[in-house]
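Good morning, and thank you for coming. Please turn to the sequence and structure.

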Amino acid sequence: MKHKKQNTNINRRAFLNTLGASAGIAASLPAISILSEATAAYADDIGPQGGRARAESSERIRQDVAERESNVRIPNHDDNGDEALYPSKIGNYSKNLKHNPTTGEVDPAAYQAMIAAISTGRFADFEALSTNGHFGASDPTTQRRLVNPGSGYAFDLEGTDSHQLKLRPAPAFASAQEAGEMAELYWMALLRDSNFADYDSNATAQLAAADLSKMSDFRGPKEGGAVTTKTLFRDTYPGCTVGPYISQFLLQPCNFGSMRIDSRMMTVGPGDYMTDFTSWLNVQNGVNTSPIPTGPPAYCRSGRDLTHYVNIDALFEAYFVSCINLLGNGYFANAGNPYGRIYDGGAGRPRNTVVDPNGSLAQVGFGTFGGPAVLTLACEPATRALKDVWYQKWLVHRRLRPEEFGGRVEVKRLGRRNYPIHADLLSVSTVLNAVMSLHGSNLLPMAFPEGSPNHTSYGSGHATVAGACVTMLKALFDDSQPIKNPVVPNPADGGQTLIPYAAPSGEAGAAGKVPADWRPAAGAASGFGVRCRAIKVRTESDGCAPLPIQ
């Protein structure tokens, strides 16, 4: 294939605007320049093109796309410098490997073996981490395994290659930004069992907002330069500080064909884990843990509920359910849909000239720009996004998990090492004193016995999938529409039912509708949820959601 110079400086919106145009190909095939002259008709094919001509057109389209993707600039992949700065690798991920029993620092030989395996990408070299004794569990039958580092090497036949997408460096271990993000996670752990709706009157939430306002480089949303109980823990994307904490798409029941989707989630009881050094160290060494029991279902009310959701979700399920909600409740397609603004579902109903005056007179969408296509497109970017971010996780950044950072804080408190942790966390914030009073350590209280998943922290898999899938939803649907019939969990029955959302004055539009709640569980099921679970800091969500669509 010849290498052609092409203009690849195309932004996301321009790319998405081409989607509607491409759907018109089938209706105007003879006029499209990419097609050859129609060949002789076959008895079973009366289309404008068939046989070899069709195959050659298909090949040409694929070659053009491949050349265009190949010409995307190869970026420099910069990390935050911690891996080179600290010989003990205190700023990098090492869960599952062998660790020092006193400090929890990774065994140097084990870390170098992991780096060697990542460098070669050979399956056998990863297997050797176990067979050569670099994993940490003394009993191999209880040893947990790393989560899919091989995904970072995978090629894909669609989209820009993972190695050609760039993710900015994470905040450094000793930075004020890292200290602010860790302080937020400690406060989230303390408020995990408090209902979001009660934050305004919750004394701990008030302390958290005031405390985070004192951080010198905390980058969460603020009102008048200060964190408030209305902005506490929320994401920074447009619309995320408006309306209830949880997206309507995570609350509203909807129909999946003839089946009713009950959007209540199975709950888990209160309790914090890994708050003593022995259990923390076991988890760092990869020792398996027992699952925790679930309780009765309820609508999502608290950080505890949300942590369980993101712990076992089918990763793209939030966006699939959002798409089902949008299709089932009659939300309009974007104006670029060539068949019209109403997704028909395949019945071919008459055009509604009142709400869809420019819709097709003769066709409705189905396999292209109709219900089945939309449901597929909403979720299809998920594996591409995962391959992209897994490359960043394993081959570029290898950032430590927040629970690992919490171990550094505790080891420093115990006087076993003097780590360069920023004073904002150690002396400006009061959150470590609050955690110490509750648990007798400065370890980060975790929502589950196993702590974080066994893959590196940066970037966030949930947030990257959210960025890809929500981008598709916003391309396929008109996101200027207000959300219909907003609801919140009923506090009177423990979240067993839903009640209408009463928007504060000045927040919502007519009839109490939420105009900005086009967060199809992106803030809920990705950034916000994984931070409630204490497995990600803010940067990992805010920085990664746009990754697959740069």
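Does Cys 254 count as buried or exposed? The model is a predicted one, and in it Cys 254 has a relative accessibility of 4%, so Cys 254 counts as buried. Buried here means under 20%. Cys 323, at 0% relative accessibility, is likewise counted as buried.

Let us stay with the cysteines for a moment. How many disulfides does the structure hold? The number is 0. For Cys 323, the closest cysteine sulfur belongs to Cys 379 and lies 7.0 Å away, which is too far for a bond. A disulfide would require the two sulfur atoms to be within 2.5 Å.

I turn now to the aromatic rings. The count comes to 10 aromatic pairs. One of them joins Phe 173 and Phe 405: the ring centres are 4.8 Å apart and the planes meet at 40°, so this pair is tilted. Phe 173 lies in the loop between helix 5 and helix 6, while Phe 405 belongs to helix 13; the pair thus links parts of the chain 232 residues apart. Both Phe 173 and Phe 405 are buried.

A further pair, Phe 196 with Tyr 199, is edge-to-face, with 5.8 Å between centres and 85° between planes. These two residues are also buried. Together with Phe 233 and Tyr 245, Phe 196 and Tyr 199 make up one aromatic cluster.

Finally, we come to charges over rings. The charged end of Arg 416 is positioned over the ring of Phe 277, 5.2 Å from the ring centre. For Lys 484, the charged end sits over the ring of Tyr 331, at 4.7 Å from the centre.

Key
Residues are numbered from 1 along each chain as its sequence is written. This is a predicted model: local features need pLDDT of at least 70, side-chain atom pairs count only at pLDDT 80 or more; totals for chains, interfaces and linings use all residues. Side-chain values use heavy atoms; hydrogens and water are left out. Rings of Phe, Tyr and Trp (its six-membered ring) pair if their centres lie within 6.5 Å; planes under 30 degrees apart count as stacked, over 60 as edge-to-face and the rest as tilted. Helices (H or I, at least four residues) and strands (E, at least two) are DSSP runs, numbered from the N terminus. Buried means under 20% relative accessible area, exposed over 50%, partly exposed in between (1.4 Å probe, protein chains only). A charge sits over a ring if NZ of Lys or CZ of Arg is within 6 Å of the ring centre and within 35 degrees of the ring normal.
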